[in-house]
Amino acid sequence: MDPIDITYNDEVGFLNDKKRDWQDWIMKLLLLAKKEIGKDNNLEMSINFVDEDRSHEINLKYRDKDRPTDVISFAIEDGEDSIDLAAFGDDPDFQEDIGDLFMCPSVIKRHSKEYDTGFDREFGYTVVHGFLHLNGYDHIKPDEAKEMFGIQGKVLEDYGLPLYPDQLDEGRGK
């Protein structure tokens, strides 16, 4: 499977971690998610790592939520009028731009402690969650939530990031 073309913008130095190659870690996780949702075409996206002030500002402006958050997704195809990508299927150079994620590592770290999931699991959850939103998945209606969280849970388990049974709930589990 072709890698996803990810452009990174790191405003907080998150990717400078010498203990792990986060870009490789993220790529492997997202390729599992891409396979799970049956996306065969080439994808491109951006991941922006921001601080809590910037996350708060974006969340307030675009979601009317007056607090920082772990991830905000801006999908290119966000709406009812989706483009039929089948017309581009024969073009090996075509890349579908699915949009942008704005991730706040400090909020993810706080959530990992609040939910007792550990940073890797919470970060993986957040990356996959945002990726699924960029690909048109949502969790507003119960049937949509069941599908989205089911995919998330399977991808994370396949990647080696399962939750303990007592941590499962509608948002964080399977």
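1. Helices here are DSSP runs of H or I with at least four residues, strands are runs of E with at least two, and both are numbered from the N terminus. Buried means under 20% relative accessible area, exposed over 50%, and partly exposed in between, with a 1.4 Å probe and protein chains only.

2. A word on the source. This is a predicted model: local features need pLDDT of at least 70, side-chain atom pairs count only at pLDDT 80 or more, and totals for chains, interfaces and linings use all residues. Residues are numbered from 1 along each chain as its sequence is written, and side-chain values use heavy atoms, leaving out hydrogens and water.

3. Back to H5. It covers residues 142-158, 17 residues in total. From first C-alpha to last it reaches 24 Å, close to the 24 Å expected at 1.5 Å a residue. That expected span is 1.5 Å times one less than the number of residues. The buried residues of H5 are Ala145, Met148, Phe149, Ile151, Gln152, Gly153, Val155 and Leu156. Gly160 follows the helix, with a positive phi near 90 degrees.

4. Now the largest nonpolar core. It has 38 residues, and Met45, Phe123 and Phe131 touch the most other members. H1, strand S2 (42-49), strand S3 (71-75), strand S4 (95-103), H4 and H5 each give two or more residues to this core. H1 gives the largest share, eight residues. A nonpolar core is a set of buried Ala, Val, Leu, Ile, Met, Phe, Trp, Tyr and Cys residues joined through side-chain atoms within 4.5 Å.

5. Look at Phe123. Leaving aside residues up to four places away in sequence, Phe123 touches Phe14, Trp22, Trp25, Ile26, Phe49, Met103 and Ile108. Contact means heavy atoms within 4.5 Å.

6. Next, the strands. S1 (residues 5-10) and S2 run parallel, joined by six bridges. Strands pair if DSSP finds at least two bridges between them. Asp10 has Phe49 as its bridge partner in S2.

7. Finally, Thr69. It sits in the loop between helix H2 (52-63) and S3. Why does Thr69 count as buried? Because its relative accessibility is 9%. Not counting residues up to four places away in sequence, Thr69 touches Ser55, Asn59, Arg63, Cys104 and Val107.
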